[in-house]
Amino acid sequence: MTAPIQQQPLEAKSPFELRVNLGRDVPESDVRSALATGDMGFLHSFTTGATVDGPGVRVVAWTAGCMWRCLYCHNPDTWRMSNGIPVTVARATAQLRKYSHGLKVMSGGLTISGGEPLMQHRFVVKLFTAAKKMGVHTALDTNGFYGDKLTDGDLQSIDLVLLDIKTWDPERHRRLTGMDNAPTIEFARRLAARKLPIWLRYVLVPDLTDDPDDVKKTAAFAASLGNVSRVDVLPFHQMGRYKWKELGLDYKLEHVEPPSNELIERTLGIYRAEGLTAY
Ligand code: SF4
């Protein structure tokens, strides 16, 4: 039997756990009010022990809701906000408090990822503000499209932005994500002007995001900003394939293989040639 919403465990072993319809009984008016005040958010889960989503050992809060439709998305169950667990900011803060001492000892922190966290930016800012009060480092993992929702004051609650740049060419970006990349680029410039550090994330998919010229333009842009302290080239994988099937979605990358070591090295080389630290 499925547990009532309030008792749904926030922890998941990984974001690859499929979670659907956990917020479906929340009335639309409550959803609107939650988004406006940020007193409640919709989370896929909390995971602990991550070491790739920011410095040190991290707790990651995975938000539900995303307006993009990336062909390679490995968590399409996070697209709909109603698939998330409704969580008050007080409950999320209490959850974080359990780990706060360990996070500080291990030079880690809280990362909010998704989905797209800025779909519920007020909740995100409230949770980050609570984390900062505990002395916990904060990182926002975002596609940057809604970066302009954050005021300069909001940005003070964020220590690091993990910014996904999907591809450089605008037309290719639209084919890949369904959306424009101009707001993401603009957000990156704004973060640079404020000297807020960025870790750039680039998902490498054979025949989709591996065009050397496109990577070179992304790398040159990143290098020009002056605040990109690290680039993570993330090799495409098929761990999310089963979710597309379970959700009845048309998965176009069914037969795409992960990138070869040679392709990964070539792509890393393009970033490094611009003087960036890339892994
Ligand atoms: S931005 Fe992230 S969560 Fe949204 S569709 Fe793309 S990969 Fe998925």
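Phenylalanine 145 is buried, its relative accessible area being 18%, where buried stands for under 20% relative accessible area, exposed for over 50% and partly exposed for what lies in between, with a 1.4 Å probe and protein chains only. The model is a predicted one, in which local features need pLDDT of at least 70 and side-chain atom pairs count only at pLDDT 80 or more, while totals for chains, interfaces and linings use all residues. Residues are numbered from 1 along each chain as its sequence is written, and side-chain values use heavy atoms, with hydrogens and water left out.

A search of the whole structure returns 6 aromatic pairs. The ring centres of phenylalanine 145 and tyrosine 146 are 5.4 Å apart and their planes stand at 65°, so this pair is edge-to-face; rings of Phe, Tyr and Trp (its six-membered ring) are paired if their centres lie within 6.5 Å, and planes under 30 degrees apart are stacked, those over 60 edge-to-face and the rest tilted. Tyrosine 146 counts as partly exposed, at 23% relative accessibility. A tilted pair is formed by tryptophan 244 and tyrosine 251, with 5.0 Å from centre to centre and 40° between the planes. In that pair tryptophan 244 is buried at a relative accessible area of 5%, and tyrosine 251 likewise counts as buried, at 11% relative accessibility.

Phe145 and Tyr146 also belong, with Trp68, to one aromatic cluster. Over the ring of tyrosine 146 sits the charged end of lysine 149, 4.2 Å from the ring centre, a charge being taken to sit over a ring if NZ of Lys or CZ of Arg is within 6 Å of the ring centre and within 35 degrees of the ring normal. The charged end of arginine 230 sits over the ring of tryptophan 199, 4.2 Å from its centre.

Leucine 43 lies in strand E1, residues 40–50, strands (E, at least two residues) being DSSP runs numbered from the N terminus. Leucine 43 counts as buried, at 0% relative accessibility, and its C-alpha atom is separated by 9.5 Å from that of proline 117, 74 residues apart along the chain.

Methods: Helices (H or I, at least four residues) and strands (E, at least two) are DSSP runs, numbered from the N terminus.
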